[in-house]
Amino acid sequence: MNMPKKYFMVSLLLAAFLNPLYASAQTPEERGLEISQEADRRGNGFGDFRAEMEMILKNRRGDESRRYIRVLGLEVEGDGDKGMSIFDEPADVKGTAMLTYSYKVKSDDQWLYLPALKRVKRIASKKKDGPYMGSEFAYEDLGSQEVEKYTYKYLRDEVYQGMDCFVVERYPVDKYSGYTRQVTWIDKEEYLPRRTDYYDRKNGLLKTLTFIGYKKYLEHHWRPDEMFMENHQTGKTTRIVWRNYRFRTGLKESDFQVNDLKRAR
Amino acid sequence: MCINRVALINIVAAIMMFFVAAAVQANNKVPYLQVGVFSDKATAKKILQQLEKNGFNVEQRTVDVIGRPAEVVLVGPFERTSQALYDQQRLRDIGWSAAVKRFSPKPKPKPKAIPKPSTFRTTISGSLTAERRMFFDDPLYAEQHGSTTSLAIQPELYISWNDRKSSLTFVPFVRVGDQDEERNHADVRELMWINAMGDWEVRLGIGKVFWGVTESLHLVDVINQIDLVENLDREEKLGQPMFNLNRFTDWGTWELFVLPLFREQTFAGVNGRLRGPLVINTAQDALYESDEKDKHMDWAVRWSHYIGDWDIGLSHFSGTSRVPGFVPVLNSFGQPEYLLPLYNLIEQTGLTLQALLGDWAWKFEATSTKEKDQRYTQAIIGFEYTHVGLLDSSMDLGLLLEYLYDDRGEFAPGPFEDDVMLGLRWVFNDMQSSEILVGVISDLDGGAISTTIEASRRLGQSWRLGLEYRGTSSLESMDPLYMFRNDDYFQVKLGYFF
């Protein structure tokens with residue numbers, strides 16, 4: 001019984017030695033997927049987090065509107081993450097809260113709590129391409145970025161803002177997505193997204209998202225201080241400023257139940 | 001003697017077993033099935049995925065093999081070796097051989113057991129809203145007015161502690177300045193202590209509860225009384241004193257309510273519009289079927305759950321009906337002078353269903369009510385279709401259609417017994433969160449139509465402007481809405497939120 005196992009091991013070790021050869025035969029799709037999986041792997045293991053987010057919305061005329069949102073997140077092993085956002089401002093929507101269960105393959109579950117009516121409304125997650133709170137971020141831009149939600153293609157290596165980057169194109173699997181494709185610049189050192197270009201359903205350049213000021217939390221969890229989204233078609237912009245990131249704060253599954261929305265505040 | 005020896009051996013063996021078990025426990029290693037050790041990460045991952053697909057719990061460990069990292073593919077952990085052996089058989093069935101080995105279980109993410117000091121957080125927020133209502137037609141009764149202006153304030157004090165698991169909320173409400181003295185009223189919308197402990201939640205005080213899925217009318221939603229004088233749309237509610245216990249399980253949410261005090265519905269007064277020829281007198285005690293009057297102990301239970309894209313809710317209410325009947329009170333000439341509301345006792349069972357199918361939300365609500373010697377059924381069925389990204393913009397357009405049914409037909413106290421509601425929800429998704437809501441309810445056999453248009457938009461960061469039109473048309477004198485025939489109005493509302 002031991003013999004075949006040993007033989008198997010040897011063959012596996014051989015395969016390991018032959019790996020460089022094998023790598024050169026990789027297709028751009030395989031390489032794109034590999035880069036994305038590595039980026040995902042490095043982002044894993046945060047457990048849970050809490051943070052505060054300020055959104056500054058600007059239109060072409062320069063009019064400004066701000067939103068303050070508290071965000072809770074829970075990593076779910078083997079599936080998409082769970083998230084809750086609670087709105088503190090604008091004051092007319094204070095107490096409004098949203099709960100999202102994201103999944104790797106099927107579309108997300110989402111609930112909205114309207115405090116004035118004390119009503120929890122299940123919302124069709126098909127709305128994923130709709131704007132989040134009137135901002136230039138769509139729900140799908142802010143949702144959990146599971147590897148399985150896209151297919152990939154490695155395009156090229158490029159120096160972006162002095163960093164060696166992979167340029168990877170990804171295509172949403174979900175037919176309800178608002179994009180045909182996204183082009184992402186991922187730095188080679190930490191595998192962090194530095195910039196994403198979004199292409200609309202007609203394949204025209206729609207938006208650019210830039211990640212600014214990554215900071216390291218825990219041992220190896222990088223989070224940007226700011227995310228800046230610019231809509232090239234409307235001239236509107238949204239800047240997200242993240243504050244007070246805390247990890248492993250002891251949040252549990254039971255903190256992400258539909259009933260918790262009514263108490264979220 | 002012989003028996004004793006056997007017993008002794010048994011005892012010794014048991015003690016030894018105990019120590020062995022304890023030693024194993026102390027060692028803190030648990031059985032796993034080791035499938036293989038690989039130098040190549042990708043191969044290990046592939047095998048892991050394959051095993052995972054077959055329904056095995058898998059784990060990957062990196063070990064040091066002669067100074068080189070190697071990947072160990074494991075199935076487990078198991079509580080007992082027997083369970084590991086069972087899975088070993090299952091693995092063999094799909095062509096994998098594995099050996100039972102003991103490893104320390106993966107350290108669970110440490111639940112940070114820093115008992116936070118019970119810090120109290122206090123926030124004060126709320127709104128101040130000025131409102132002007134202008135009626136298109138002259139009033140039908142001499143005491144009524146042509147337009148009215150009022151101011152409503154609703155502050156909110158929220159104190160939380162224990163990481164927001166416990167809280168106290170106080171929300172008073174006051175309206176002043178209206179021509180109608182009945183609209184100038186105050187209420188405690190909320191004075192609630194909430195305490196959540198794991199899967200349990202206790203609420204004690206005065207509060208508001210919403211049950212239901214439909215938009216035109218809320219049949220199942222029975223806990224709170226309607227603050228009708230605020231708006232005919234029945235969305236404003238009076239605070240309800242309650243004791244509420246909730247339990248959250250994997251098979252849904254269970255809610256229990258004990259409601260010790262009854263709240264009377266509010267109605268327009270002598271100077272108010274939107275009333276019939278006889279004023280509903282709320283200054284006098286209302287009439288009740290129960291001898292305990294408004295102190296009758298009502299109770300309600302509800303179970304709700306969601307399965308995939310389906311939501312279901314089943315509820316029962318036992319107590320004083322929130323919907324009154326009316327009894328005319330005669331003056332000394334034998335003429336009716338005013339109406340007194342009459343609240344009967346009811347037993348009401350309710351069902352809500354909702355299915356989210358793509359852009360379609362299908363909704364169903366039904367109640368079966370026993371009141372006096374009568375049992376009747378009310379139901380609403382309909383859908384909301386949302387078109388996202390109207391004309392390549394970021395606007396959403398929702399189309400709502402609901403059918404309202406009451407098996408009492410023309411004898412139903414409300415105006416909705418065989419009606420259709422057509423609604424339009426236009427959400428701009430812009431910086432100002434602009435939206436327009438249009439609702440038209442049409443009586444299928446009477447031909448009466450009631451129309452509502454609501455539009456609102458944020459101004460700057462803290463203000464919100466709301467416009468509202470409410471009108472009725474083509475009315476038969478038998479229709480309950482006939483009394484509002486001259487009361488079409490346009491309303492402007494400006495709210496400051498803090």
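Ile346(B) lies in strand β17 of chain B, where a strand is a DSSP run of E of at least two residues and a helix is a run of H or I of at least four residues, both numbered from the N terminus. The model is a predicted one, in which local features need pLDDT of at least 70 and side-chain atom pairs count only at pLDDT 80 or more, while totals for chains, interfaces and linings use all residues. Residues are numbered from 1 along each chain as its sequence is written, and chains are lettered from A and ligands numbered from 1 in the order in which they are written.

Ile346(B) counts as buried because 21 other C-beta atoms lie within 10 Å; a residue is buried with 20 or more such atoms within 10 Å of its own C-beta, exposed with 12 or fewer, and partly exposed in between, the C-beta atoms being placed from the backbone. Leaving aside residues up to four places away in sequence, Ile346(B) touches Ser321(B), Thr369(B), Lys370(B) and Glu371(B), where contact means that the C-beta atoms, placed from the backbone, lie within 7 Å. From Ala99(B), by contrast, Ile346(B) is 247 residues away in sequence and 66 Å away in space, C-alpha to C-alpha.

The domain assignment of chain B gives domain 1 (27-103) and domain 2 (121-497), with bounds that come from an automatic or database domain assignment. The C-alpha centres of these two domains of chain B lie 59 Å apart.

Chain B also holds an open sheet of 3 strands in the order β12-β16-β15, with mixed pairing, where two strands pair if DSSP finds at least two bridges between them. Its edge strands, each pairing on one side only, are β12 (287-288) and β15 (325-330) of chain B. β15(B) pairs with β16 (residues 336-343) of chain B in the antiparallel sense over 6 bridges, and Gly325(B) stands opposite Leu342(B) in β16(B).

The contact between the chains takes 44 residues from chain B and 34 residues from chain A. On the side of chain B that touches chain A, β8 (186-197), β10 (240-249), β17 (345-357), β19 (374-388) and β25 (489-497) of chain B each supply at least two residues. The table divides this side by class, with Ala, Val, Leu, Ile, Met, Phe, Trp, Tyr, Cys and Pro counted as nonpolar, Asp, Glu, Lys and Arg as charged, and the others, Gly among them, as polar.

| Class, side of chain B that touches chain A | Number |
|---|---|
| Nonpolar | 15 residues |
| Polar | 17 residues |

Chain A has 5 helices and 13 strands, and 35% of its 265 residues count as buried.

Conventions. Two residues are in contact if their C-beta atoms, placed from the backbone, lie within 7 Å.
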